Amino acid sequence: MPSGVKALAGIARRLRPSRRERPEASGAERLGEAIVLWTGYGEAAWPDRGAAGEARLRARFGEAEARRLLTEVRCAAHEFSASDAWITAPDLPSMADHASAEYRARRPDLPEAAISALAWCYTFDFR
């Protein structure tokens with residue numbers, strides 16, 4: 001590696017905050033990550049919210065934090081599933097859009113990936 005590139009890389013490393021200095025993810029970001037992990041969204045062929053989902057949470061967050069987050073995740077999933085989109089929407093994409101819009105209005109702080117994961121589960125459950 002040329003010396004100029006090495007020097008720039010060294011400067012970049014010194015300017016990058018250490019793990020200790022990096023701000024913690026917000027509660028909503030952490031919950032969003034937990035929702036995506038628990039559902040298997042982006043990894044599994046269909047929602048996988050059982051023991052495998054719980055294992056993914058424990059692997060990522062540790063036992064105690066996973067247990068705490070699991071309560072919040074299940075609550076979020078329950079709130080999302082309260083939508084009546086499964087009755088009123090003419091098709092699965094419309095159902096996902098309708099339920100997502102309702103939930104997004106209630107929880108605008110959640111990352112979009114979490115809402116997409118919940119919509120994926122919702123349409124799977126009510127297909």
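Biologist: Where is the place of Arg56?

Modeller: Arg56 is in helix 3. Helices (H or I, at least four residues) and strands (E, at least two) are DSSP runs, numbered from the N terminus. This is a predicted model, in which local features need pLDDT of at least 70 and side-chain atom pairs count only at pLDDT 80 or more, while totals for chains, interfaces and linings use all residues. Residues are numbered from 1 along each chain as its sequence is written, and side-chain values use heavy atoms, with hydrogens and water left out.

Biologist: Which residues is Arg56 in contact with, leaving aside its neighbours within four places in sequence?

Modeller: Contact means heavy atoms within 4.5 Å. On that basis Arg56 is in contact with Leu37, Trp38, Thr39, Gly40, Glu43 and Asp48, leaving aside neighbours within four places in sequence. Trp38 is 18 residues from Arg56 in sequence, and their C-alpha atoms are 6.6 Å apart. The side chain of Arg56 also reaches the backbone oxygen of Leu37 at 2.5 Å.

Biologist: How many helices and strands does the chain have?

Modeller: The chain has seven helices and zero strands, giving the pattern α-α-α-α-α-α-α along the sequence.

Biologist: What span should helix 4 have?

Modeller: The expected span of a helix is 1.5 Å times one less than its number of residues. Helix 4 has 19 residues and should span 27 Å; its end C-alpha atoms are 26 Å apart, which agrees. Helix 7 (residues 112-125) has 14 residues and reaches 20 Å from its first C-alpha to its last, close to the 20 Å expected.

Biologist: Which residues of helix 4 are buried?

Modeller: Buried means under 20% relative accessible area, exposed over 50%, and partly exposed in between (1.4 Å probe, protein chains only). In helix 4 the buried residues are Ala66, Leu69, Leu70, Val73, Ala76, Ala77 and Phe80. Their cover includes helix 2, helix 3, helix 6 and helix 7. For helix 7, the buried residues include Ala114, Leu118 and Tyr122, and the buried residues of this helix pack against helix 2 (27-39), helix 4 (63-81), helix 5 (85-88) and helix 6 (92-106). Of the 127 residues of the chain, 31% count as buried.

Biologist: How many residues does the largest nonpolar core have?

Modeller: A nonpolar core is a set of buried Ala, Val, Leu, Ile, Met, Phe, Trp, Tyr and Cys residues joined through side-chain atoms within 4.5 Å. The largest one here has 28 residues, and those with the most contacts inside it are Ile35, Leu57, Phe80, Tyr103, Leu110 and Leu118. Helix 2, helix 3 (51-61), helix 4, helix 6 and helix 7 each give two or more residues to this core. Helix 4 supplies the largest share, seven residues. As for Leu110, not counting residues up to four places away in sequence, Leu110 touches Ala28, Leu31, Gly32, Ile35, Tyr103 and Ile115.

Biologist: How many aromatic pairs does a search of the whole structure find?

Modeller: Rings of Phe, Tyr and Trp (its six-membered ring) pair if their centres lie within 6.5 Å; planes under 30 degrees apart count as stacked, over 60 as edge-to-face and the rest as tilted. The search finds five aromatic pairs. In one of these, the rings of Phe80 and Tyr122 have centres 5.6 Å apart and planes at 75°, so the pair is edge-to-face. Phe80 lies in helix 4 and Tyr122 in helix 7, so the pair ties together parts 42 residues apart in sequence. Both residues, Phe80 and Tyr122, are buried. Ring pairs link Phe80, Trp86, Tyr103, Tyr122 and Phe126 into a cluster.

Conventions
A polar contact is a pair of N or O atoms within 3.5 Å; within protein, one must be able to donate a hydrogen and the other to accept it, and residues adjacent in sequence count only if both atoms are side-chain atoms.
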